[in-house]
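Subject: Structure for you to look through

Dear colleague,

I am handing over the structure we talked about, and below it you will find my notes on what turned up. Please keep the structure open while you read, so that you can follow each residue by its number.

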Amino acid sequence: MIYFLSLLVIWINKMLPPLKALPVFEAVARLNSFSLAANELNVSQSAVSHQIRLLENHLGESLFYRQGRNVELTKEGKQYLDSISNSLSLIEEATNKIKGQQKTHIRLAVYSSFAVYWLIPRLPSLRYLYPNLELSIEMSHGTPDLSDKTADFFITVEREKRGFVFETLYQEELFPICSHGYFETIKNKLGVTSYQDLQSKLNVSPEKIADFPLITSHSIYDRHTEDWKRWFSSQGRLLPENTQFHRFSHLMLAYEAAKHSLGIALVNDYMMNEKENEVALIKLPCPAFKTGDNFYLAYKESRRNEEAIGYLKRWVKEQARSLTKTIT
């Protein structure tokens, strides 16, 4: 029996990686730094390097590109991180349950405009409902990388990643907006006195919008003016020649430019659902058009039963009922 157990231990040691190295690897991958990982783990940098070397020797692969003080995961390192991070999370969760502790911290990755204009004004509601839930927000200008290294929970337009669950949240539409002051300028120039009169005029001649400076952003279609070209196309019109444009890189900047009366911008529903006594911008009486993007909630299949994931998912979906194109 003792001989059998000794053989089993030898076999396990050969098959399993050096277990002490796994949390070290996760810390270095998350922080992109050996020294920061050493500080977090309260060990020396040489100890961190030693554990990473042991793990790489066991796997027979390089897990990091090393360039001076900077480190970056190799392709094999990214694959390995995705594979083991689930196991590390499950071990942590099981340990906390045995100790009578609940995991209350969760990282949410979300687009910057969604975070600033929709999410943050609603966070007091989350705090009230789940006072023990600690939320860290990772803002992204582009589509966030669906990985445990980035976050635990995502709001994204991406919908394909092995091992992830995607739940539809919102179908994006864009529509013209301007400041209240600029709205008066538009009415005066077009010779109308009411919202209804302006609606009638723009229904007949939507190209009249191009009599005013248009604000365009690069972020949705990766090129300027494409947003307005598609809006005019949805109205059965071509973008008028000699249209004056103010060009900005991101939707957030286009929104702010419109708020300061630079012209007319195209924004979406979640940017107009501010929790404020006065809404800064007004929708022009014009149709919207679908961008073709859907927003999804995303999280790992293996983590779907975690309480923190469940709390955040239910809260986001309930709050999103205010979006006009939310799918429930």
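Which residues of helix 2 (residues 21-31) are buried? In this model, which is predicted, they are Ala21, Leu22, Val24, Phe25, Ala27, Val28 and Ala29. As a reminder for reading such a list, an α-helix has 3.6 residues a turn, so residues three or four places apart point the same way.

Where helix 2 has just ended, Asn32 takes a positive phi of about 55 degrees. Asn32 sits in the loop between helix 2 and helix 3 (34-41), and with a relative accessibility of 34% it counts as partly exposed. Leaving aside residues up to four places away in sequence, Asn32 touches Val71 and Lys149. The C-alpha atoms of Asn32 and Glu72 are 6.1 Å apart in space, although 40 residues separate the two in sequence.

For the chain as a whole, there are 12 helices and 11 strands, and 44% of the 328 residues are buried. If you take the contacts with a separation of 6 or more, 72% of them are between residues 24 or more positions apart. The chain exposes about 17,800 Å², and carbon and sulfur atoms supply 50% of that area.

Next come the charged pairs. Side chains of opposite charge can pair when their charged atoms come close. The count of salt bridges comes to 14, and I describe some of them here.

Glu167 and Lys313 meet through their side chains in a salt bridge, with 3.4 Å from N to O. Because Glu167 lies in strand 6 (residues 164-179) and Lys313 in helix 12 (residues 307-319), this pair ties together parts that are 146 residues apart in sequence. Is Glu167 buried or exposed? Glu167 counts as buried, at 15% relative accessibility.

A second salt bridge joins Glu184 to Lys187, whose closest N and O atoms are 3.3 Å apart. Both belong to helix 8 (residues 180-190), and because they are 3 residues apart there, about one helical turn separates them. Glu184 is partly exposed at 37% relative accessibility, whereas Lys187, at 10%, counts as buried.

The side chains of Glu301 and Arg304 also form a salt bridge, at 3.1 Å from N to O. Glu301 has a relative accessible area of 40% and is partly exposed, and Arg304 counts as partly exposed too, at 37%. Apart from these pairs, salt bridges link Arg107, Asp152, Arg303 and Glu306 in a network.

Finally, how do helix 6 (residues 112-119) and helix 11 (residues 251-259) pack, and at what angle? Their axes are 8 Å apart and the angle is about 45 degrees, and the two helices are therefore oblique to each other. Helix 6 brings Ser112, Ser113, Val116 and Tyr117 to the contact, while helix 11 brings Met252, Tyr255 and Glu256. Sorted by class, the residues in this contact of helix 6 with helix 11 are 4 nonpolar, 2 polar and 1 charged.

Terms used:
Residues are numbered from 1 along each chain as its sequence is written. This is a predicted model: local features need pLDDT of at least 70, side-chain atom pairs count only at pLDDT 80 or more; totals for chains, interfaces and linings use all residues. Side-chain values use heavy atoms; hydrogens and water are left out. Buried means under 20% relative accessible area, exposed over 50%, partly exposed in between (1.4 Å probe, protein chains only). Helices (H or I, at least four residues) and strands (E, at least two) are DSSP runs, numbered from the N terminus. A salt bridge is a side-chain nitrogen of Lys or Arg within 4 Å of a carboxyl oxygen of Asp or Glu. Axes are lines fitted to C-alpha atoms, for helices over the stretch in contact, and angles run from 0 to 180 degrees between N-to-C directions. Angles under 35 degrees count as roughly parallel, over 145 as roughly antiparallel, 65 to 115 as roughly perpendicular and the rest as oblique. Contact means heavy atoms within 4.5 Å. Ala, Val, Leu, Ile, Met, Phe, Trp, Tyr, Cys and Pro count as nonpolar, Asp, Glu, Lys and Arg as charged, and the others, Gly among them, as polar. Accessible areas come from the Shrake-Rupley method with a 1.4 Å probe; for residues, only the protein chains shown count as cover.
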